[in-house]
Amino acid sequence: MENPELAAFESDAFEMLSYLALKGIFIDGETNKDVLFDMHKLGQKLFNTAVDALEKDSGVTDYAVASQMLVDVAYSEESLRNAFYNTVHDSQLEEGSLLARKAQINFSTKAPDDLKAICDPQWWTFRVLDWWMRINELYKTPAFE
């Protein structure tokens, strides 16, 4: 039986490595698999938290309708902004998160220029990678092996 979370990570890992390479960071995916997997899981958790906030705000209970709204990004700018800030705020309060263990600093609370980006799970994963690198730079520790 295949682990769906691991399968999702494996399909996302190439994009994560490509994103890092575009930033001039070249790492071995296999050596850093555990760190990348943690980054992926946290990105997915943040994305799911944002989606939950959007669905709650919209009042839509039908899964098919909610899924289509997400695909079409059929939410108001206010709903998108609230979902972003609530997601960031909730992540700061959560004890034991990967980033909280690494350092007691806040996530960046600057909303993206295009709020529709928060409806893309990869956007969250890339933000987690950015935060991870910033934290390690702050503490002058290597982000990856």
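Visitor: Is arginine 127 buried or exposed?

Guide: Buried means under 20% relative accessible area, exposed over 50%, and partly exposed in between, with a 1.4 Å probe and protein chains only. Arginine 127 has 19% relative accessibility and therefore counts as buried. This is a predicted model, in which local features need pLDDT of at least 70 and side-chain atom pairs count only at pLDDT 80 or more, while totals for chains, interfaces and linings use all residues. Residues are numbered from 1 along each chain as its sequence is written, and side-chain values use heavy atoms, with hydrogens and water left out.

Visitor: Which side chain meets that of arginine 127 in a salt bridge?

Guide: A salt bridge is a side-chain nitrogen of Lys or Arg within 4 Å of a carboxyl oxygen of Asp or Glu. The partner here is aspartate 130, at 2.9 Å, N to O; the two are three residues apart in helix 6, so about one helical turn separates them. Helices are DSSP runs (H or I, at least four residues), numbered from the N terminus. Aspartate 130 is also buried, at 17% relative accessibility.

Visitor: What else does aspartate 130 pair with?

Guide: Its side chain also meets that of lysine 23 in a salt bridge of 3.7 Å, N to O. Because lysine 23 lies in the loop between helix 1 and helix 2 and aspartate 130 in helix 6, this pair ties together parts that are 107 residues apart in sequence. Lysine 23 is partly exposed, with a relative accessible area of 45%, and Lys23, Arg127 and Asp130 are linked in a network of salt bridges.

Visitor: How many salt bridges does the structure hold?

Guide: There are three, and one of them joins the side chains of arginine 81 and glutamate 77 at 3.3 Å, N to O.

Visitor: How is a pair of packed helices described?

Guide: The description uses the angle between their axes and the distance between the axes. Axes are lines fitted to C-alpha atoms, for helices over the stretch in contact, and angles run from 0 to 180 degrees between N-to-C directions. Here the axes of helix 1 (residues 4-22) and helix 6 (residues 121-138) come within 11 Å and cross at roughly 50°, which makes helix 1 oblique to helix 6. Angles under 35 degrees count as roughly parallel, over 145 as roughly antiparallel, 65 to 115 as roughly perpendicular and the rest as oblique. The contact (heavy atoms within 4.5 Å) includes Asp12 and Tyr19 of helix 1, and Arg127 and Asp130 of helix 6.
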